[in-house]
Amino acid sequence: MCDIDGTGHHLSSAAIFGTDGAVWAKSGSFPEFKPDEINAIIKEFDAAGTLAPTGLFLAGAKYMVIQGEPGAVIRGKKGAGGICIKKTGQAMVFGIYEEPVAPGQCNMVVERLGDYLMSWQAFLDDNLMCETKGLHLFAAAIIGHDGLVWAQSASFPQVKPKEITAIMNDFSEPGSLAPTGLYLGGIKYTVIQGEPGAVIRGTRGLEGNVTIKKTTMSLIIGIYESMAQGPCNMIVESLGDYLLKQH
């Protein structure tokens, strides 16, 4: 929703959805969509051309589907405005525009963000969900300090904004999570010894554990079940240290 390349123009609304239809983030102006509308969009990415006969609907508003990129980008027009949707590995980036924003400007913003997220998804897959001494993390994510999901594994729980806020508060005020526990996707972890302001660790006993490393701009989160605590800490914290050196 930022200024588009210094033109003074902005998208009317925007959102990021998981490819399962879950909302990761959205602007306050983003329309109240219906589940079947998102399902139809997901289906279009899987089988290009399915939306052409009926049009693309969002909150009941109909967009005529125009040329996109099969399996990667859907574009639609409605009067002087329109929509662009970019699919990444785990997400869909939506941008809706009205005059004076031009279609090309909207496409550039949405597709550029999609490409950026795709690069983070590949980074996560290669560095967090990789095999380490025959073991794998159960789930992992890279999330911005503002709660925006940069990348996540398919197995990562759908986190709530207040859960990320609570985690960020604990990094600023170590110990604030201890009385209530750490929550991710509604699942509670007992906070155990970490590194104040840098690393938070939590446990559910034999049911699983979590390690969270804070970098300059993001949170690296690793959830593990059968893996021992040491290897998980090493994977998450080593990647966090690498990112800290890049900024």
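Predicted model: local features only at pLDDT ≥ 70, side-chain atom pairs only at ≥ 80, totals over all residues.
Figure 1. Along its principal axes, the C-alpha trace spans about 55 × 35 × 30 Å. Of the 247 residues, 46% count as buried.

**Figure 2. The largest nonpolar core, a set of 34 residues.** Start with I167, L182, L184 and I212, the members that touch the most other members of this core. At least two core residues come from each of β1 (13-18), β7 (91-97), α2 (103-127), β8 (139-144), α3 (161-172), β10 (182-184), β13 (209-214) and β14 (218-224). The largest share, four residues, is supplied by α3. A closer look at I167 shows it touching L177, L182, L184, I200, I212 and L219, with residues up to four places away in sequence left out. There is also a second, separate core of 18 residues, including A15, F17, I85 and I96.

**Figure 3. Strand β1, covered on both faces.** Where do the side chains of a strand point? In a regular strand they alternate between the two faces of the sheet. In β1, S13, A15 and F17 lie on one side, while A14, I16 and G18 lie on the other, and all of these are buried. That makes six buried residues out of six in this strand. Two strands pair with β1. With β7 the pairing is antiparallel and runs over six bridges, and S13 has I96 of β7 as its bridge partner. With β2 (residues 23-26) the pairing is again antiparallel, over three bridges, and here A15 stands opposite K26. β1 and β2 form a hairpin with four residues between them, and G21 in the turn has a positive phi of about 95°.

**Figure 4. The hairpin of β8 and β9.** These two strands pair in the antiparallel sense over three bridges, with β9 covering residues 149-152. To find your way across the pair, look for A141, whose bridge partner in β9 is Q152. Four residues separate the strands, and in the turn G147 has a positive phi of about 95°.

**Figure 5. Helix α2 and its buried residues.** How far apart are the end C-alpha atoms of α2? They are 36 Å apart, which agrees with the 36 Å that its 25 residues should span at 1.5 Å a residue. Buried along the helix are Q105, C106, N107, V110, E111, G114, L117, W120, Q121, F123 and L124.

**Figure 6. K86, a buried lysine in strand β6.** Is K86 buried or exposed? Its relative accessibility is 8%, under the 20% limit, so K86 counts as buried. The strand that holds K86 is β6 (residues 81-87). Its side chain makes a polar contact with the side chain of D115, at 3.2 Å. Leaving aside neighbours within four places in sequence, K86 is in contact with F45, A72, V73, A91, M92, V93, V110, E111, G114, D115 and M118.

**Figure 7. Backbone details at P100 and A59.** Most residues other than glycine have a negative phi, and most peptide bonds are trans. Here, a cis peptide bond joins E99 and P100, with omega at about 10°. P100 sits in the loop between β7 and α2. A59 is not a glycine, yet it has a positive phi of about 55°. You will find A59 in the loop between β3 (56-58) and β4 (61-69). With 33% relative accessibility, A59 counts as partly exposed.

**Figure 8. A40 in helix α1.** This helix covers residues 35-46. At 26% relative accessibility, A40 counts as partly exposed. A40 and T50 are ten residues apart in sequence, and their C-alpha atoms are 8.2 Å apart in space.

Notes: Residues numbered from 1 in each chain as written. Heavy atoms only, no water. Core = buried A, V, L, I, M, F, W, Y, C linked by side-chain atoms within 4.5 Å. Buried < 20%, exposed > 50% of the residue type's maximum accessible area, 1.4 Å probe, protein only. Contact = heavy atoms within 4.5 Å. Expected span 1.5 Å × (residues − 1). Pairing = 2+ DSSP bridges. Polar contact = N/O pair within 3.5 Å; in protein donor to acceptor, adjacent residues only side chain to side chain.
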